[in-house]
Amino acid sequence: MLLSLLFSIGNMGRTLKMKFARFVAPSILFIPFAQSLISCPFPIPWILCEECTVFSCLMNPKTTPVRRLLLINFFVSGLSVGRAFCSWICPYGAVQELFSILGRGMNFKPSRGLINAVRILLFFLTFSASLTLYYSVIRRTFPLPPLLADLMFKVGATLLTVIPTGFPALIQLRLFLFITLLVVVFIVRRGWCRVCPLGSLISLFNKVSLYKLDFDEAKCNDCGLCSDLCQMGLDPKKGGLDSIDCIKCLDCVKACGRSAITIALRNELKAIKHKIDLWGLGWKTEERS
Ligand code: SF4
Ligand code: SF4
Ligand code: SF4
């Protein structure tokens with residue numbers, strides 16, 4: 001009993017230290033991110049961005065080398081560690097994590113089908129609105145098939161004119177997104193992250209990233225701690241680690257006292273590494289037993 005209590009306290013300490021580490025970058029980046037949220041001409045900052053302070057479009061001739069590097073870094077981090085941007089860098093994710101504590105008692109778990117439906121709808125609507133602004137405000141060409149661009153333009157134009165609040169269209173959309181965020185986050189942990197259009201884009205990296213999380217069934221005693229902790233409502237024992245929703249926060253890795261969840265190279269890379277080892281070139285990385 002005493003041992004398990006000490007173990008839990010130890011685990012809590014490790015988890016808290018990591019949580020603190022996860023808030024460092026979001027806190028530093030909060031001001032430029034918040035500024036970009038206010039100044040960005042698009043409904044979703046960083047999508048089709050023209051003068052974003054954080055990331056900028058590679059196609060934009062005004063993009064400075066530093067911004068290009070930041071954008072390249074965005075892809076490099078995605079390809080190496082998947083959606084970790086969402087748990088280690090994005091200030092909005094960190095704010096949600098803090099807000100979620102307030103509504104923790106509710107912890108409503110929406111079905112995966114509902115999340116996916118809202119995510120697809122939101123992505124299409126907001127991307128359409130961004131594209132509309134891109135065409136009408138910036139007046140550049142965008143490399144999309146004309147029919148798709150035309151459809152998105154119509155959806156975006158309709159969306160930006162139908163909300164009858166009397167505020168300018170962009171303010172309406174931002175207001176709508178902001179209020180939605182507050183309500184959703186209070187009821188569902190990291191609720192916005194589950195449908196966030198930017199997160200949806202980044203989530204695709206989870207399927208190809210060099211590093212992923214592995215689950216070892218033999219070591220698991222089914223205590224359920226990992227799924228209880230997961231802010232994204234995933235169950236690592238049931239494929240949660242392979243989900244596009246996993247934000248690689250490592251809460252489950254740290255919490256699991258039996259080391260059943262580990263960080264590992266993608267299987268295809270393990271096979272390549274094995275071949276290199278066979279050739280005697282000695283590329284040494286840690287292998288799971
Ligand atoms: S899902 Fe969106 S809001 Fe959440 S952490 Fe990722 S980019 Fe930020
Ligand atoms: S993976 Fe670890 S934390 Fe999760 S149920 Fe199994 S033993 Fe518990
Ligand atoms: S499965 Fe683990 S790493 Fe992924 S979001 Fe949940 S707690 Fe974080």
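1. Which pattern does the protein chain follow when read along the sequence? The order is α-α-α-α-α-α-α-α-β-α-α-β-α, and the secondary structure comes to eleven helices and two strands, where helices (H or I, at least four residues) and strands (E, at least two) are DSSP runs numbered from the N terminus.

2. This is a predicted model, in which local features need pLDDT of at least 70 and side-chain atom pairs count only at pLDDT 80 or more, while totals for chains, interfaces and linings use all residues. Residues are numbered from 1 along each chain as its sequence is written, and chains are lettered from A and ligands numbered from 1 in the order in which they are written.

3. Of the 289 residues of the protein chain, 30% count as buried, meaning that 20 or more other C-beta atoms, placed from the backbone, lie within 10 Å of the residue's own.

4. Around ligand 1 lie Cys 86, Cys 90, Tyr 92, Gly 93, Trp 192, Cys 193, Cys 196, Leu 198 and Gly 199, a residue being near a molecule if its C-beta atom, placed from the backbone, lies within 6 Å of it. Helix H4 (91–102) and helix H8 (197–203) are the elements that give two or more residues to this shell.

5. The shell around ligand 2 has 14 residues, of which Cys 220, Cys 223, Cys 226, Cys 256 and Ala 260 come nearest.

6. Ligand 3 has 15 residues around it, and those that come nearest are Cys 230, Cys 246, Cys 249, Asp 251 and Cys 252.

Terms used: A residue is buried if 20 or more other C-beta atoms lie within 10 Å of its own, exposed if 12 or fewer, and partly exposed in between; C-beta atoms are placed from the backbone.
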